[in-house]
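Trainee: Could you walk me through reading aromatic rings and buried side chains in a structure?

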Amino acid sequence: MATPPLRRWRRSPKLITIMSTNDPLLSGLLAQRLLPLWYHECANTSVAVLEGLYAGGIRYVEYTNRGPAAPANFKALRATADGLDGLQLGIGTIKNDDQARQYLDLGADFLIAPSVNTGVGALAAAAGKPWIPGCMTPTEIADAENAGAQVVKIFPGNVLGPAFISAVRDLFPGLRFLVTGGVEAETANLEGWFRAGASGVGMGSKLLSKELMDNPDRDRIRDAAAQALALVQQIR
């Protein structure tokens, strides 16, 4: 079913802030504006990252299905998330129906994909969970919209750049864009994405550095998350 068109507000002559979708979880994610994403082979490290992010004010996160330990680690994250009020735990890099079923059974709150797999979208819809497919072309964005997506992941952002969003956003007034790749926790970079029409940004190693992941410290993760969250929230 096609998503009904939603209104847009102009906050300044240059910056467009696109408001919420009709899905409460997606609305909350877009209000946060920043989606941290990570994977680590160690379950304890993965949980430490989640707890640090939560302490820094993050309520929507994406764990990525990038390694053999991902399902077991996700179980540990799910158990931890159940004790963190308001925490929504998504799973990323979902490329096929089997992966979608697996993580829906494990309790994923939302699914994020690197591509437009309509089977994954249908499974998410049947489970009442949001689906955010990855897109790189206007054709893929249109396919995602026709399959019922309300938010699409623009990926890889470092290849496409803010100009791509500026060029296509008016073609898809009912969609919201979440950019992943090429996003840095730095004001000028973030302003470029949001001024182009992005509704949110996904941030992995630019937020959770290799050094921070190799030596996880909840307080340092908390501080990094709080700083990045403050940056995205001040860009209006």
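Mentor: We'll take ring pairs, then charges over rings, then a histidine. Keep in mind that this is a predicted model.

Trainee: How many aromatic pairs does the count come to?

Mentor: Three. Pairing goes by ring centres within 6.5 Å, and planes under 30 degrees apart are stacked, over 60 edge-to-face, the rest tilted. Take tyrosine 39 and tyrosine 63: their ring planes are at 50° with centres 5.7 Å apart, so this pair is tilted. Tyrosine 39 is in the loop between S3 and H2, while tyrosine 63 is in strand S4, 24 residues apart. Ring pairs also join Trp38, Tyr39 and Tyr63 into a cluster.

Trainee: Is tyrosine 63 buried or exposed?

Mentor: Buried means under 20% relative accessible area, so tyrosine 63, at 0%, counts as buried.

Trainee: And what kind of pair do phenylalanine 74 and tyrosine 103 form?

Mentor: That one is edge-to-face, with 90° between the planes and 5.3 Å centre to centre. Phenylalanine 74 belongs to helix H3 and tyrosine 103 to helix H4, so the pair ties together parts 29 residues apart in sequence. Both phenylalanine 74 and tyrosine 103 are buried.

Trainee: Which ring does the charged end of arginine 33 sit over?

Mentor: The ring of phenylalanine 194, 4.0 Å from its centre. Likewise, the charged end of lysine 153 sits over the ring of phenylalanine 155, 4.9 Å from the centre.

Trainee: Where is histidine 40 placed?

Mentor: In the loop between strand S3 and helix H2. Its relative accessible area is 11%, so histidine 40 is buried. Beyond its neighbours within four places in sequence, histidine 40 has contacts including Tyr63, Asn73 and Asp214.

Notes:
Residues are numbered from 1 along each chain as its sequence is written. This is a predicted model: local features need pLDDT of at least 70, side-chain atom pairs count only at pLDDT 80 or more; totals for chains, interfaces and linings use all residues. Side-chain values use heavy atoms; hydrogens and water are left out. Helices (H or I, at least four residues) and strands (E, at least two) are DSSP runs, numbered from the N terminus. Buried means under 20% relative accessible area, exposed over 50%, partly exposed in between (1.4 Å probe, protein chains only). Contact means heavy atoms within 4.5 Å. Rings of Phe, Tyr and Trp (its six-membered ring) pair if their centres lie within 6.5 Å; planes under 30 degrees apart count as stacked, over 60 as edge-to-face and the rest as tilted. A charge sits over a ring if NZ of Lys or CZ of Arg is within 6 Å of the ring centre and within 35 degrees of the ring normal.
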